[in-house]
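Please look over the chain shown here and its fold.

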Amino acid sequence: MLNFGRARTQARGTRNMPFSGMDYADPKRKGNFVGKVLLAAALTALCIIVLKQSPTFNSPSPFSIRETGVTHVLVTGGAGYIGSHAALRLLKESYRVTIVDNLSRGNIGAVRVLQELFPEPGRLQFICADLGDAKAVNKIFSENAFDAVMHFAAVAYVGESTLDPLKYYHNITSNTLVVLESMAAHGVKTLIYSSTCATYGEPEKMPITEETPQNPINPYGKAKKMAEDIILDFSKNSDMAVMILRYFNVIGSDPEGRLGEAPRPELREHGRISGACFDAARGIMNGLKVKGTDYKTPDGTCVRDYIDVTDLVDAHVKALQKAVPSKVGIYNVGTGKGRSVKEFVEACKKATGVDIKVDYLPRRPGDYAEVYSDPTKILRELNWTAQYTDLQKSLQVAWRWQKSHRDGYGSSQVMSS
Ligand SMILES: NC(=O)c1ccc[n+]([C@@H]2O[C@H](COP(=O)([O-])OP(=O)(O)OC[C@H]3O[C@@H](n4cnc5c(N)ncnc54)[C@H](O)[C@@H]3O)[C@@H](O)[C@H]2O)c1
């Protein structure tokens, strides 16, 4: 918890209290010492009286009690890109939000933005904890009255997952088990799970429906599929309401410019296409490398389905509102329209106003030609459809944030370009 830091400082202060005078049997100092003890006792008593009279002394934290009409959502990974946007939307809709994040990849700056927007007591709390620490997670669940969990926290780079698969199975699969066990133990009845189109692997037929067989081809997709399987097996004998959302490629940022995507610089090499385009536009990278121009697609480059983060979090809120006890809903969250990498790069050039240098290289092993969703089911059952489908506009919004946050959440200086 953020205030853990404060508690630790206080404890250290207590340990350092100067008791050294007791080491000496100096009669001249004895009266002085008794006086000090009496003064300390009087001050302590005064503090207790003042504290007891304060309106918050006897009342428990609003996060620990269930309140009629208030839905308390635990947002894991809420300091990250998608989780912070989801937390913002939930807070705007009057949900009570607890963010749990270990800040391994997220930004405390994003949490601060949210705290500044929603400073009222009982709206937002941040707990810094690792979901791999089952004891800590269990403590969080025992001290807070959650109604629902949106489980975003994960490591989420396909390339990295092939280099360090165990990290992915641990962080995604094993940590989901920890969250699920705590939910079951503490009677939390609704789970919205962040899954991915990477669980489908290389489907033979496009578009991808929820019935498309899942044959993931990398540890990231496999770890997410295993987490889905655990959730599905558990839900067979549980009254938990479960929604599994399989996102396609997420882009964009808060249209009001408060939040953005700010991955750690060291993850740049594993990065996603929008980050790579922006880095090239800012001159951080020497142009953009497009791998593969001979795919069986209209312009030879890969085709993907880009979903704006504002639409994505809207799907989460709809999923939360329509979650039914003892039922599992599985939905693709995409636009249903594939865009080629070339199209994406052109949109990025227009959005940034920078004529990004592009190098066309041979194919990268493991990339598949086309991936796009069939979003019919989510429209039919949750009444959700993507609204922000203009690629250039989504990128323009994201670029505005990137330009004014040269060092991500580290600073907010306006870039000249
Ligand atoms: N971004 C995409 O295009 C995309 C596509 C499909 C699915 N997803 C899924 O969406 C979710 C969010 O992705 P994102 O792009 O916002 O990633 P992100 O890296 O920006 O956010 C993930 C957050 O989880 C936190 N986290 C990681 N491990 C943790 C742990 N052990 N304990 C506590 N916190 C931990 C990180 O610190 C970070 O703040 C992930 O589950 C990801 O797999 C993302």
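Which residue with a positive phi follows α9? That residue is G283, and its phi is near 80 degrees. The model is predicted.

## Helix α9

Helix α9 runs over residues 273-281. The helix is mostly covered, with 7 of its 9 residues buried. Those buried are S274, G275, A276, C277, F278, A280 and A281.

The buried residues of α9 have both strands and helices as packing partners. The strands are β7 (249-251) and β8 (288-291). The helices are α11 (341-352) and α13 (391-404).

## Ligand shell

The ligand is surrounded by 28 residues. Closest are G77, G80, G106, A154 and V250. By class, the shell splits into 12 nonpolar, 12 polar and 4 charged residues.

Several elements each supply at least two shell residues: α3 (81-92), α7 (165-185), β5 (190-196) and β7. The top contributor is α3, which gives 3 residues. Strand β7 links the two topics: it supplies residues to the shell around the ligand, and the buried residues of α9 pack against it.

## Whole protein

The protein has 13 helices and 13 strands. Its length is 417 residues, and 41% of them are buried.

Notes
Residues numbered from 1 in each chain as written. Predicted model: local features only at pLDDT ≥ 70, side-chain atom pairs only at ≥ 80, totals over all residues. Buried ≥ 20, exposed ≤ 12 C-beta atoms within 10 Å, placed from the backbone. Helix = DSSP H or I, 4+ residues; strand = E, 2+ residues; numbered from the N terminus. Contact = placed C-beta atoms within 7 Å. Near = placed C-beta within 6 Å. Nonpolar A, V, L, I, M, F, W, Y, C, P; charged D, E, K, R; others polar.
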